[in-house]
Amino acid sequence: MQTVQNPQVSREARKQGAAPLAWALWSVGVLAYVAAILHRTSLGVAGLDAVHRFDASAGMLASFTVLQLLVYAGLQIPVGLMLDRVGPRRMIAGGALLMAAGQALMAVSTGIGGAVAARVMVGAGDAMTFISVLAIVASWFPGRQVPVVTQLTGLLGQLGQVLSAVPLAALLHGPGWGAAYGSAAALGTLIGVLALAVLRDAPRTTRPAPPSLREIGRDVRAAWRRPGTRLGLWTHFVTQFSSNTFALMWGFPYLVSGQGMSPAAASTLLTLFVLANVVSGPLVGRLVARRPLRRSRLVLGIVAVNVAAWAVTLAWPPPAPSWLLVLLVLCVALGGPGAMIGFDYARTFNPPGKQGTATGIVNVGGFTAALVTILLIGLVLDALSPGRDFTPGAFRAAWTVQIPIWTIGVAGVLRTRHLVRRERAADQAVS
């Protein structure tokens, strides 16, 4: 998908930066993205409650999140085509209302079928949001500000995880399930109405015709053939999966059932997780900008830190000391900024007209690895936990499923890095 700046805005913007209208529109878009992250991560803090409410096994509970992320990933190209046709205003509003409907359904559901349908709706609405907020940024801000505002959008969106870890968790363990998910539904409805009332699309003349299926297939093949794109995919794969697995599904249950923490203390650590993500993001970005030829070393370093933190924590008989759990959270949080390096590979190894397609390919990596890991952990917990109570020993065994995922990911990074270096050497020899 391509977007072009609104010429009525960019003419002034080139002289004095983005107009106040652009910042107002962006603010509403960010609120929608924050709410989307809240909805996306809401099941993670409710995992233990969901097991008992739906009488679900760990594997079945994991399948909720797996299905949600499958819907999210599978709708990226269709959503991009819809965005070109109807504009970000209706996409953001529609996504917010769809997620609100999903959370309302979750609030009243007592069976597996309703819960599955609810998470599918959340995944579909979530898929419509971030890409549409980026379209607002590209349409209403001058080109030199777009990268900065895009990074700021991603960082502020993580506040949604704080909302799920603190107020949503407090509602869940206070007034109860219905109040927690009903409040999330009310917030989503408010965001949808606000988006319809405030947001504006760029003039329709600035939107190119959507590409045909043949053009989409051609662009995907061209981007995939580039070793740099595949290096970005494996980078995203190996850095993001542990972070996503911890944040979206098994982090909160692990801290409570696997380490004996209170729900309030676990919520505090998840908040620390978000803050560490936000703080480390600019630092990783600065390192990438200063040493672009050393990006893969940074990726492998982040993976090594992750592996070491998990190895020490899992080797320590539970409950681990608080300082070690804090260290684990800080190390796992590095995976989010590390995954962004994959998108930098997509940008630098593809021409401008192919960068969107390459970014989509890269984005598949981490989500695929997270889906597999979330499901495998659920299956191990089912096999080793009596009844519906997850034991510390079961969690220690379950988290070791990360080992083959890390192995595959590191091998992918090393292999594609070799191909990239060989291609670069060949280009230098020709020139």
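So, where is the place of N244? N244 sits in helix α13, residues 227–258; helices here are DSSP runs of H or I with at least four residues, numbered from the N terminus. This is a predicted model, where local features need pLDDT of at least 70 and side-chain atom pairs count only at pLDDT 80 or more, while totals for chains, interfaces and linings use all residues. Residues are numbered from 1 along each chain as its sequence is written, and side-chain values use heavy atoms, leaving out hydrogens and water.

Back to N244. With a relative accessible area of 13%, N244 is buried (under 20%; exposed is over 50%, partly exposed in between, with a 1.4 Å probe and protein chains only). Leaving aside residues up to four places away in sequence, N244 touches M249, F367 and A370, where contact means heavy atoms within 4.5 Å.

Okay, next up, charges. Side chains of opposite charge can pair when their charged atoms come close. The count here is one salt bridge, meaning a side-chain nitrogen of Lys or Arg within 4 Å of a carboxyl oxygen of Asp or Glu. D126 and R40 form a salt bridge at 2.6 Å, N to O. That pair links distant parts of the chain, with D126 in α7 (residues 112–127) and R40 in α2 (residues 20–45), 86 residues apart. And are these two buried or exposed? D126 is buried because its relative accessible area is 2%, and R40 counts as buried at 13%.

Last stop: W316. You'll find W316 in the loop between α15 (295–315) and α16 (322–333). At 35% relative accessibility, W316 counts as partly exposed.

Methods: Helix = DSSP H or I, 4+ residues; strand = E, 2+ residues; numbered from the N terminus.
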